[in-house]
Amino acid sequence: MTVTAQPHRSGPETNGLRTSALPRRRSSRRLVLAVLLGVLGALLSAYAYQAALARQGAVALTRALPFGTTIQLSDLREVRLPGDAGLATIAWTDVDTVVGQLASTDLRAGQVVTPDSVTTERVPAPGEAVVGLAIEPGRAPSTPLEPRDAVLVVLGGGSPPRQAVVVRAGGPDVSGRSTVDVLVPQADAEELALASVAGQIAIVLVGKG
């Protein structure tokens, strides 16, 4: 009787497939996943780089500037903003156009400079005057007055109110009295100053026309 030798098998089979092929398949999947993750990382890095390039340099302030201050180069610094920020800014490449202009309102440290926050017009202009009004408690709105607010200055003695624009509003002193600097036609300056000395001034905040 002849005995036929069986071929040597290196490992078990499942459904005709060698189980040793499974680790190779898992290794291939891991390799593909690693490649995909590498490509994704490269794309994200490229996107971040392009986004950084898209940011625009804008002019901002290094310190607070009161209304009417002449702006120096040392008052300004560059900040980077997204290109689609939607802000009316001044490009850092145009910083020289800001130097020498005046703050058209009180400006905060770190604030981005906008075209309407600076001006070339000095206050007061010819024919105008800035008058400091002493306001007794209860004779001004509790709403804080801001530079460029339009107000009516009400006088005693039956005189008609005068239109004015707030230049600066100070806080109350120990007696509760506050001082408000207003811009008025020069022809009204003397009457308003005298009424302020007499304690006959009240201020009404009105809408800007």
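Predicted model: local features only at pLDDT ≥ 70, side-chain atom pairs only at ≥ 80, totals over all residues.
Leaving aside neighbours within four places in sequence, Val 180 is in contact with Val 131, Gly 132, Leu 133, Ile 135, Leu 145, Val 166, Arg 168, Ala 169 and Ile 203, where contact means heavy atoms within 4.5 Å. Val 180 sits in strand E10, strands here being DSSP runs of E with at least two residues and helices DSSP runs of H or I with at least four, numbered from the N terminus. With a relative accessible area of 3%, Val 180 is buried; the cut-offs are under 20% for buried, over 50% for exposed and partly exposed in between, using a 1.4 Å probe and protein chains only.

Residues are numbered from 1 along each chain as its sequence is written, and side-chain values use heavy atoms, with hydrogens and water left out.

Now for the overall layout. The chain holds two helices and eleven strands, and read from the N terminus the order is β-β-α-β-β-β-β-β-β-β-β-α-β. Of its 209 residues, 26% count as buried. Among contacts with a separation of 6 or more, 62% are between residues 24 or more positions apart. The accessible surface comes to about 13,800 Å², and carbon and sulfur atoms own 57% of that; areas are from the Shrake-Rupley method with a 1.4 Å probe, and for residues only the protein chains shown count as cover.

Next, the nonpolar interior. In soluble globular proteins, nonpolar side chains tend to be buried together. A nonpolar core is taken here as a set of buried Ala, Val, Leu, Ile, Met, Phe, Trp, Tyr and Cys residues joined through side-chain atoms within 4.5 Å. The largest one has 18 residues, and Leu 133, Val 182, Ile 201 and Ile 203 touch the most other members. At least two residues each are supplied by strands E7 (128–135), E8 (150–154), E9 (162–169) and E10 (178–185) and by helix H2 (186–197). E7 gives the largest share, four residues. As for Ile 201, residues up to four places away in sequence aside, the list of what it touches is Leu 133, Ala 134, Ile 135, Arg 139, Val 153, Val 154, Leu 155, Leu 192, Ala 195 and Ser 196. Another core, of twelve residues, lies apart from this one and includes Ile 71, Leu 107, Val 113 and Val 118.

Val 118 turns up again around Gln 101, which touches Thr 69, Thr 70, Ile 71, Val 118, Thr 119 and Thr 120, not counting residues up to four places away in sequence. Gln 101 belongs to the loop between E4 and E5 and is buried, at a relative accessible area of 16%. Asp 94 is also placed in the loop between strand E4 (76–81) and strand E5 (102–103), but Asp 94 is partly exposed, at 38%.

Side chains of opposite charge can pair when their charged atoms come close. Counting a salt bridge as a side-chain nitrogen of Lys or Arg within 4 Å of a carboxyl oxygen of Asp or Glu, the total is five. Arg 80 and Glu 78 make one of them, with the closest N and O atoms 2.9 Å apart; Arg 80 is partly exposed at 46% relative accessibility, and Glu 78 is partly exposed at 34%. Arg 162 pairs with Asp 188 at 3.4 Å, N to O, a link between distant parts of the chain, with Arg 162 in strand E9, Asp 188 in helix H2 and 26 residues separating them. Arg 162 is buried at 13% relative accessibility, and Asp 188 is buried at 18%. Glu 191 bridges to Arg 162 too, its closest N and O atoms being 2.4 Å apart, again tying helix H2 to strand E9, 29 residues apart. Glu 191 is partly exposed at 29%. Through shared partners, Arg 162, Asp 188 and Glu 191 form one salt-bridge network.
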